[in-house]
Amino acid sequence: MKYSILSLLGLVMVFTSCNDSGKKSSNGALASNNAEKVYVAPGEQDEFYAFLSGGYSGNLTVYGLPSGRMFKEIPVFSQFPTSGYGYSEETKPMLNTSFGFVPWDDSHHPDISQTNGELDGRWIFINGNNTPRIARISLKTFETEEIIEVPNSAGNHSSSFITENTEYVVAGTRFSVPIPQRDMPISEYKGNFKGALSFISVDPEDGRMDIKFQVLMPGFNYDLSHPGRGKSHGWFFFTTYNTEEANSLLEVNASQNDKDFIAAVNWKKIEEYVNNGGGTKVPVNYAHNVYSDESHTATSTMEKEVLTVDPTKIPGAVYFLPTPKSPHGCDVDPTGNYIIGNGKLSADLTVHSFDKMLAAIEGKKFDGEAYGIPILKFEDVLAGTVKSGGLGPLHTEFDGDGNAYTTFFISSEVVMWKLGTWEVVDRKPTYYSVGHLMIPGGNSRKPFGKYVVAMNKITKDRYLPTGPELEHSAQLYDISGDKMELIYDFPTHGEPHYAAGIPAELLAPKSQKIYKLTENKHPDAVITSDDTKVVRNGKEVHVYMSMIRSHFTPDNIEGIKVGDKVYFHITNHEQDFDVPHGFAIIGANNSELLIMPGQTKSLVWEPKRVGVWPFYCTDFCSALHQEMQGYVRVSPANSKVDLSWSLD
Ligand code: RUQ
Ligand code: CUA
């Protein structure tokens, strides 16, 4: 049976891959008035922001809907030479981890902060999958403000989803591991590894994250998760696969059980237990990195302890809901009653009912247990089954009008169906192999059900070829009518997994324009001309510099020697929107710096050769941008040339 499913997957993949290929300039899917629906005329602005995860770019990209125009790439887990993130002295600490400096990650699931279950547009969170981390990004500055490493986790994938009032950002582990990590035979996985589900509290004022507790679950794979909302607020739902606890050839060995589970976690109950002194503190080592936009500087602190919770010690904390065929996506509808488990090896969708779950718990309708956690009877929690006729369901979003939309990877389509009656109302092909989809607010109590964005894994013939590597492709569907209409394709950067969208009017008015120079608390800032100087401290030289259209102060520096370590601390004195200046110097082993108005950033340069070396502004900032340059004289290590510098 197993093998037949797998070979079927293979067949359908071959089939969909060939689908439509070689067709030129086909716009059969598009009626001509669709062009108007996505056309945002020059000078006009989009209706929605869309934040698409970058996947293996490690970052987050910002697009407009419906135009599909990309506005910005926000560096999160990856060094980013375009701005100097992860290269500047101020931002290097953001990428610190217990494994040292890790300048890359795989970012999957962005989620916007909520109040009362509605998007509040304060922050967006995203997970680093590979070296487990959660980042918080300000939606005022569009900068990464905080990254917290998640200990005891591995493959931080059922993350980063937030609860209805942003009480917690939740991070579940995909791979179970020995906790604590230790040297042991892999073959002893079963029964010995554990899966940590981390509940990271978010300060309601400044957003600061703190790992409140970790639930140590049986050694399954915790794939995806979503919060309860409305009536199910206080619960969190996680899909699992590999309940077989296989440690090799999972392709076959983790598909033995007909059903895996959705884990329903009553976090309110666990929070109460913890607040009353429950749980066990265990020694760990993880980095907590916080960026201040007053000092324009990040600090990294190593934390040494985390509170773990054994769920079997808290009656009623966790239940398992049997869910067929290695479920992937785990989605909760806007009312909070329906929990959808997308069995990625099946055609049907399983919908569980929160009300029925509570009744089954009440009536103790258990079907055994797994490692002390009660398993509820499938029939008792099942609300319905969506017989879609598609294959390979992955993720579901909601429009707020009683409809759900599910992506099918294998049959390459988005299927629209009705909550409650489970009937399929519409289906539209995607090109090709769709993963996630996104409706702005589609993971909240109040979706804005006008568009759905499908994020496709395979691009093939959609755009002009660019060699073997193609960008992934998104497709935009208009869902304001009774049926879905494909209206647009646009390429996306990296590999978007999930995305989050929000009406522009909720963010745009709050977007920060400049940093006030008078509020700059960077210890090395140049605020007045008295602060401009060059200071030698042994082999270290600190240059305190300012920049304004169109010169650097100082712009001539002498007395630097081969073997010195030169720190340029540069403050941008502009106080106008959209006037950054850049800084680059020949032979630097990092990147340029792009410095926003009112901001200070620092770059290290280690001159290796005698000479007179230029530096310049990298951002075309005025008609005299080319004049924005300077020289550093580098003398031999033993030279007697005194430090000197020019002032205006
Ligand atoms: S996953 S394509 Cu990383 Cu969200 Cu399902
Ligand atoms: Cu400053 Cu170009």
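Me: Why does Asp489 count as buried?
Reply: Asp489 has a relative accessibility of 19%, and buried means under 20% relative accessible area, exposed over 50% and partly exposed in between, with a 1.4 Å probe and protein chains only, so Asp489 is buried. This is a predicted model, in which local features need pLDDT of at least 70 and side-chain atom pairs count only at pLDDT 80 or more, while totals for chains, interfaces and linings use all residues. Residues are numbered from 1 along each chain as its sequence is written, chains are lettered from A and ligands numbered from 1 in the order in which they are written, and side-chain values use heavy atoms, with hydrogens and water left out.

Me: What makes the pair of Arg462 and Asp489 a salt bridge?
Reply: The closest N and O atoms of Arg462 and Asp489 are 2.9 Å apart, and a salt bridge is a side-chain nitrogen of Lys or Arg within 4 Å of a carboxyl oxygen of Asp or Glu. Arg462 lies in the loop between E31 and strand E32 (472-478) and Asp489 in strand E33, so the pair ties together parts that are 27 residues apart in sequence. Strands here are DSSP runs of E with at least two residues, and helices are runs of H or I with at least four, numbered from the N terminus.

Me: Which residue meets Arg136 in a salt bridge?
Reply: The side chains of Glu146 and Arg136 form that salt bridge, at 2.9 Å from N to O. The pair links distant parts of the chain, with Glu146 in strand E9 (residues 144-149) and Arg136 in strand E8 (residues 133-138), ten residues apart. Glu146 is at 0% relative accessibility and so counts as buried, and Arg136, at 3%, is also buried.

Me: How do you know that the side chains of Glu574 and Arg549 meet in a salt bridge?
Reply: The N to O distance between the side chains of Glu574 and Arg549 is 2.7 Å. Glu574 sits in the loop between strand E39 (565-572) and strand E40 (581-585), and Arg549 in the loop between strand E36 (540-548) and strand E37 (551-553), 25 residues apart. With a relative accessible area of 4%, Glu574 is buried, while Arg549, at 35%, counts as partly exposed.

Me: What makes E30 and E33 the edge strands?
Reply: Four strands form an open sheet in the order E30-E31-E32-E33, with antiparallel pairing, and strands E30 (434-438) and E33 (485-492) are its edges because each pairs on one side only, where pairing requires at least two bridges found by DSSP. E30 and strand E31 (residues 451-456) pair over three bridges in the antiparallel sense, and Val434 has Asn456 in E31 as its bridge partner.

Me: Which residues surround ligand 1?
Reply: The surrounding residues, each with a heavy atom within 4 Å of the ligand, are His108, His109, His157, Leu224, His328, His395, Gly435, His436, Lys457 and His497.
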